Amino acid sequence: MTITRHRRRRARAVSAVAVAAMAVGMAVPLALPAAAAGSTLESAAAETNRYYGAAMAGSYLNNSQVTGILQREFDMITAENEMKMDATEPSQNQFSYTNGDRIVNWALQNGKQVRGHALAWHSQQPGWMQNMSGTNLRNAMLNHVTKVATYYKGKIYAWDVVNEAYADGNSGGRRDSNLQRTGNDWIEAAFRAARAADPGAKLCYNDYNTDNWSHAKTQGVYNMVKDFKARGVPIDCVGFQAHFNSGNPVPSNYDVTLRNFADLGVDVQITELDIEGSGSSQSQQFAGVTQACLSVARCTGITVWGVRDSESWRASGTPLLFDGSGNKKAAYTGTLNALNAGGVRATPGGTTTQPTQQPTTQPTSQPTTQPTSQPTTQPTANPTTPPPTGSGTCTATYSEGEKWNDRFNGVVTIRANGNISSWTSTVTVRSPQRIIATWSGSPTWPSANVMTMRPNGSGALANGQTASFGFTVQHGGNWTWPTVTCSAS
Ligand code: G3I
């Protein structure tokens with residue numbers, strides 16, 4: 001392809017997405033054109049470091065057309081029903097993994113990653129569990145989370161630990177269910193059990209009708225995640241199911257919702273996307289959802305809830321990207337173009353605990369002096385001439401530094417998305433950890449385990465520029481990575 005033709009194609013893609021964004025009423029984000037156009041959903045999403053996934057039912061394995069599409073287009077797989085509570089524990093404490101394994105093994109053998117769905121849910125409980133309550137139910141739920149997450153340990157990219165725990169409507173509160181009646185702390189108990197069982201999997205809360213920022217349900221979930229992050233409950237991500245139709249359209253503030261959750265220090269993922277409709281209207285809505293995700297650095301991937309319309313849980317609404325014959329629909333093209341138009345590069349997991357990346361052996365070298373104020377990384381692009389006052393956002397990414405027996409260094413990179421006039425970063429460590437030294441920033445201490453870091457200078461950064469600061473954590477035996485967030489002004 002000549003450069004001229006390539007540029008023309010890219011320009012067409014960008015303008016198609018701009019039209020799509022306007023159709024759903026979204027602000028058009030500053031799109032950074034990706035390096036090369038991907039010809040599949042997977043390769044196009046990978047250009048901005050994202051995955052593109054699909055839900056897969058066991059029956060798909062008998063259909064070579066569908067498995068062919070899965071192999072070609074997707075790099076993340078969710079079992080549609082086969083890893084749910086009723087499927088994996090049909091009798092109490094007797095686990096059945098045959099159907100889940102068929103999907104997980106197919107995915108891994110074909111180079112895909114797996115989202116686990118779902119460990120604890122009020123729906124699709126096995127009959128024996130539906131009749132339980134109180135302590136017996138709480139213990140049975142925790143046993144289920146522990147056993148299933150342990151069984152699949154090392155094979156799961158992210159678990160939907162708890163699914164659909166918030167009520168619809170205007171209450172903004174929890175949904176009544178047998179699990180909720182065991183006590184309000186059932187969700188965090190499930191997350192702690194999942195973390196203990198599989199420390200390498202991202203742990204997500206997953207729900208529907210949480211797409212519109214102004215809805216009470218969205219606010220309820222947001223407040224729970226905020227509380228969990230503040231108290232160190234191990235949550236890494238929030239899944240937005242994204243089942244849309246004319247009665248529940250893609251909201252114009254979808255990107256706002258995703259960004260606000262991401263700013264809490266979690267990855268956000270679109271986990272069950274389908275949009276009823278057809279033609280250019282459906283295509284524009286898929287493009288708008290894609291673009292909202294691509295405008296948020298911690299929106300790390302999108303999963304559609306099935307492959308062909310004919311296998312969808314709501315087939316009559318033709319809500320997917322391929323028709324019943326496996327042909328690509330307009331919605332497919334709208335999605336692919338939106339992915340190829342580029343966006344903010346995804347930075348997954350930068351502010352989450354990632355125990356798989358923690359040292360497998362304890363470091364032995366013991367420095368003779370405590371690190372006092374020596375930076376290991378200089379700010380990389382602190383502009384000498386501050387850019388004009390901006391309205392951009394920032395992201396904070398944590399990276400490991402040196403490690404010793406009793407402490408480790410961490411570096412936080414602040415990246416401006418749009419011009420910003422300053423930034424504030426919050427670092428939260430886990431008990432018994434303590435921050436004992438910092439450099440390249442001015443810290444304050446809202447509480448013993450929370451540090452608020454501000455820049456030494458003005459903190460102004462132009463779009464794409466970065467600054468860094470560092471700190472030393474005395475870990476007291478807890479090697480969990482700190483959580484870091486950033487807010488811009
Ligand atoms: O496999 C049996 C079949 O043997 C039986 O004859 C038939 C009779 O009803 O039922 C079949 O099972 C159905 C199963 O899907 C497999 O097709 C269940 O009845 C049906 O309830 C089940 O629906 C699933 C639904 O979750 C249950 O809540 C859908 O496939 C699945 O797409 C849907 O997925 C959920 C997510 O997990 C959570 N978010 C919402 C999403 C859509 O509802």
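## A polar contact at Glu 272

The side chains of Glu 272 and Asn 206 make a polar contact at 3.1 Å. Here a polar contact is a pair of N or O atoms within 3.5 Å; within protein, one must be able to donate a hydrogen and the other to accept it, and residues adjacent in sequence count only if both atoms are side-chain atoms. This is a predicted model, in which local features need pLDDT of at least 70 and side-chain atom pairs count only at pLDDT 80 or more, while totals for chains, interfaces and linings use all residues. Residues are numbered from 1 along each chain as its sequence is written, and side-chain values use heavy atoms, with hydrogens and water left out.

Glu 272 is also where an unreviewed UniProt entry places the feature "active site"; such annotations may be inferred rather than shown by experiment. The residue belongs to strand E8 (residues 267–275), where strands (E, at least two residues) and helices (H or I, at least four) are DSSP runs numbered from the N terminus. Glu 272 counts as buried because its relative accessibility is 5%; buried means under 20% relative accessible area, exposed over 50%, and partly exposed in between (1.4 Å probe, protein chains only). Beyond its neighbours within four places in sequence, Glu 272 has contacts (heavy atoms within 4.5 Å) that include His 117, His 243, Thr 303 and Trp 305.

E10 and strand E11 (residues 407–417) run antiparallel and are joined by nine bridges. One of the bridge pairs links Thr 393 with Asn 417 in E11.

## Helix H12

Now to a helix. H12 (residues 330–340) is mostly covered, with eight of its eleven residues buried. Among them are Tyr 332, Leu 336 and Leu 339. Just after H12, Gly 342 takes a positive phi of about 85 degrees.

The protein has a mean pLDDT (the predictor's confidence in each residue, from 0 to 100) of 86, and 84% of its residues reach 70 or more. Where pLDDT is low, the predicted coordinates should not be read in detail.

How values were computed: Pairing = 2+ DSSP bridges.
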